[in-house]
Amino acid sequence: MNTVEEIKSAIEFLSKKEKAEFYPKFFKTGPGDYAEGDQFIGVTVPDQRKIAQEFWNKISLKELGELLSSKIHEHRHTALLILVTKYGKAKFDEERSEIADFYLENLEHINNWDLVDNSCYKILGRHCFENADYNILKSLSESENMWHKRIGIVSTMYLIKKGEFDLTKELALKNLYHSHDLMHKANGWLLREMGKKNEAELLQFLDKHYHKMPRTSLRYAIEKLDEDLRQDYLKGRR
């Protein structure tokens, strides 16, 4: 049994029938939904993290590509958790660059919100920050593919943690009127995280743009504000 088969076997062993029945509904896999056709076998994220910690240093990027191209959601998610661990533990710039390139080469398999949110800022966000080059994220935000756009904005989480907010605001505005609710949520979420780091930055952004923000984005963005201030924004009193 090779490493990929070992990982798949470990994932299968930890599958739960009730989760396998619940996840397709939760992740919207029905006809016409954003994750139409995605397949689940019912493995929790904590269990996937345990597998990732066991195998991250036993699998090559080539083998990881095989796991990441699987039709099974938990295979792809575990592959990304392994990739995040590999990036975090890499000792040399060349290793990190190779992993970031691998991530970009496999974007087609990063096609659900949890796959995006649990990986992109820890790899692409950090890579762009440490190389002071954000063209990758700006390019992704221009893509017609919604998951690419989400990767672009969510990757700025790493910048927010480092106290840099300009790109988050730029990309949120660029896709402010995107047609899908998942982008409204992502934009609002990242603005909220910016506000947790620096509330004055969020308030300045909101005072300028909140009247035209989709309601979902606004609600996410103001979630951690003082209740009176939240109501001012919701009722248009600012």
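Colleague: Is Asp181 buried, exposed or partly exposed?

Modeller: Before the value, a word on the source: this is a predicted model, in which local features need pLDDT of at least 70 and side-chain atom pairs count only at pLDDT 80 or more, while totals for chains, interfaces and linings use all residues. Residues are numbered from 1 along each chain as its sequence is written, and side-chain values use heavy atoms, with hydrogens and water left out. As for the terms, buried means under 20% relative accessible area, exposed means over 50%, and partly exposed is in between, with a 1.4 Å probe and protein chains only. Asp181 has a relative accessible area of 32% and is therefore partly exposed.

Colleague: With which residue does Asp181 form a salt bridge?

Modeller: In general, side chains of opposite charge can pair when their charged atoms come close. The rule used here asks for a side-chain nitrogen of Lys or Arg within 4 Å of a carboxyl oxygen of Asp or Glu. Asp181 meets this rule with Lys185, the closest N and O atoms being 3.4 Å apart. Lys185, at 29% relative accessibility, is partly exposed. Because Asp181 and Lys185 are four residues apart in helix H13 (residues 181-197), about one helical turn separates them; helices here are DSSP runs of H or I with at least four residues, strands are runs of E with at least two, and both are numbered from the N terminus.

Colleague: How many salt bridges does a search of the whole structure find, and which parts does the pair of Lys174 and Glu142 tie together?

Modeller: The search of the whole structure gives 16 salt bridges. In one of them the side chains of Lys174 and Glu142 meet at 3.0 Å, N to O. Since Lys174 lies in helix H12 (residues 166-174) and Glu142 in helix H9 (residues 135-142), this pair ties together parts that are 32 residues apart in sequence. Lys174 counts as partly exposed, at 33% relative accessibility. The side chains of Glu201 and Lys169 also meet in a salt bridge, at 2.8 Å, N to O. That pair links distant parts of the chain, with Glu201 in helix H14 (residues 199-209) and Lys169 in helix H12, 32 residues apart. Lys169 is buried, its relative accessible area being 16%.

Colleague: Which residues are linked with Arg192 in a network of salt bridges?

Modeller: The network of salt bridges links Arg192 with Glu193, Lys196 and Glu223. Arg192 belongs to helix H13 and is buried, with a relative accessible area of 14%. If residues up to four places away in sequence are not counted, Arg192 touches Tyr220, Ala221, Glu223 and Lys224, where contact means heavy atoms within 4.5 Å.

Colleague: How is the chain divided into domains, and what is the area buried between domain 1 and domain 2?

Modeller: The chain is divided into domain 1 (1-110) and domain 2 (119-237), with bounds that come from an automatic or database domain assignment. The size of an interface is often given as the accessible area lost when the parts come together. Here buried area is the accessible area (1.4 Å probe) that two parts lose on being put together, summed over both. Between domain 1 and domain 2 this area is about 1400 Å², of which carbon and sulfur atoms give 72%. In domain 1, Tyr34, Tyr87 and Tyr103 lose the most area to domain 2, together 42% of what that side buries.

Colleague: How many salt bridges are counted between domain 1 and domain 2?

Modeller: The count of salt bridges between domain 1 and domain 2 is zero. Three residue pairs, both residues at pLDDT 80 or more, are in polar contact across this interface; a polar contact is a pair of N or O atoms within 3.5 Å, where within protein one must be able to donate a hydrogen and the other to accept it, and residues adjacent in sequence count only if both atoms are side-chain atoms. On the side of domain 1 that touches domain 2, the elements giving two or more residues are helix H5 (73-89) and helix H6 (93-105), and H6 gives the largest share, six residues.
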